[in-house]
Amino acid sequence: MAAKLNTYQTSQFTVLSISFEKADAVTRGRFAFFDDHIKSFVNHIHDREMGDAFVVSTCNRTEIYTTTHNYMFVAQLFCETVGVQLMDFMQFVTVKKGTDALDHLFRVAAGLESQIIGDFEIISQIKNAYNRFKEYKLHSNAYLERAINSSIQISKRIKNETGISNGAASVSYAAVHYILKTQKQLPEKNILLLGVGEIGQNTIENLVKHIYKPKVKIANRTAEKAEKIAEKYHIPHINFEDFPKELEQTDILIVATGASKPILYPENMPKKDILVIDLSIPNNVDKTVADVDGVELIDVDALSVQIQETMEQRKKEIPKAETIIKEMSKDFIEWEKKRKMAPHIHVFKNNLKRIEQNEIHKVARKNGEVDEEDLHLTRKIIQKITNRFAKYIIENPHRSEEVTKLLDDILNLQPKEDSYEDH
């Protein structure tokens, strides 16, 4: 089973993507995929021996990456898992296959497909999503492993070699950027952050970095996590159940929880001026909260509009990023070709090594020993010949079977002793 799964090629790689390009925040929320969905999803795919798949679900996108030949089966299983109709799902989905799917993964990892270009939070979200799926998988998938590792390397290179992340404008930074731009006397404002997951922590980091001694408190459903984050950033935390009472003293509320439905409604709001920023997908603040007097509600979609100037600068860096992706994609395809041809290369090299061993035994019988320098030289020659053979069959895959068999027959001939030697 494992050997079969490790033979997947780019031609079978498919991505089904729902993103901000086709779906607004409310629609994306309907297709959000949570951690408690993973085990059932993975087990159903394995039970039917359909290959492999994992899901990346963020505030801007939900994407299924799969190596199965029947991606519609995977789509149906996804819909059953999250409780939506397949027809509703396919209405918003973009399907990419083969090299287009691989290119899409690399572009997403690079932040080129993000609502906020150059958002490097996405690569950690991809990596974490894949690792969570691996916990429930019965086997490894060399193709997906390599694709994820290549994505990580692409992200690192683009971050280090281009200016596409200058004026960082991730969702968390966009929230803080909006606060800096619209709020006065910030050191005196009481800020409450609900949820200290990845986006919540990034928001705290940006608050501490850009506001001098911010008066910020945090709350999280898991108290231990809140305590750890509070200690790390030297800020106070409150019990999650106490946040409705804390709102009475709050001027800026940031919601970065990961609930599947709103946790904040109009009746929870204090009778005072308050800025509410909802960074959750699906929305964890009910839209009608905006109708309450004194409340200003901003969500993920609204935040992205605030940083268009930064985006224009980043767009100028896209060609550099695309050059890196093109280079790394070429490396990936070369790796795939070599991997596909590996059995042929091993057969050829083993034949050469067998001949080498036979000759070494002859020399040892005649002289009583074998010179180490001669051994080193023969192994270098074997590797050079093997490299040339590998290069040929990789560049001429249609002849790989024919050439391998021909050379196998030639190298396994048993010539009469010394019949071809010089005298």
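Author: A nonpolar core is a set of buried Ala, Val, Leu, Ile, Met, Phe, Trp, Tyr and Cys residues joined through side-chain atoms within 4.5 Å. Buried means under 20% relative accessible area, exposed over 50%, and partly exposed in between, with a 1.4 Å probe and protein chains only. This is a predicted model, in which local features need pLDDT of at least 70 and side-chain atom pairs count only at pLDDT 80 or more, while totals for chains, interfaces and linings use all residues. Residues are numbered from 1 along each chain as its sequence is written, and side-chain values use heavy atoms, leaving out hydrogens and water.

Reader: Which residues touch the most other members of the largest nonpolar core?

Author: They are F41 and F89, in a core of 95 residues. Helix 4 (residues 71-82) gives the most to this core, with eight residues; helices here are DSSP runs of H or I with at least four residues, and strands are runs of E with at least two, numbered from the N terminus. Another core, of 18 residues, lies apart from it and includes L253, I263, I274 and V276.

Reader: What is F41 in contact with, leaving aside its neighbours within four places in sequence?

Author: Contact means heavy atoms within 4.5 Å. On that basis F41 is in contact with F33, A53, V55, I64, V74, L77, F78, T81 and F133.

Reader: Why is K213 called exposed?

Author: The relative accessible area of K213 is 61%, and the cut-off for exposed is over 50%; K213 is therefore exposed. K213 is placed in the loop between helix 10 (198-210) and strand 6 (215-219).

Reader: Why are helix 6 and helix 8 called oblique to each other?

Author: Helix 6 (residues 98-109) and helix 8 (residues 142-161) pack at an angle of about 40 degrees, with their axes 8 Å apart. Angles under 35 degrees count as roughly parallel, over 145 as roughly antiparallel, 65 to 115 as roughly perpendicular, and the rest as oblique. The two helices are therefore oblique to each other.

Reader: Which residues of helix 6 and helix 8 meet, and how many of them are charged?

Author: L102, L105, F106 and A109 in helix 6 meet Y143, A147, S150, S151, I154 and S155 in helix 8. By class, this contact has seven nonpolar, three polar and no charged residues. Here Ala, Val, Leu, Ile, Met, Phe, Trp, Tyr, Cys and Pro count as nonpolar, Asp, Glu, Lys and Arg as charged, and the others, Gly among them, as polar.

Technical notes: Axes are lines fitted to C-alpha atoms, for helices over the stretch in contact, and angles run from 0 to 180 degrees between N-to-C directions.
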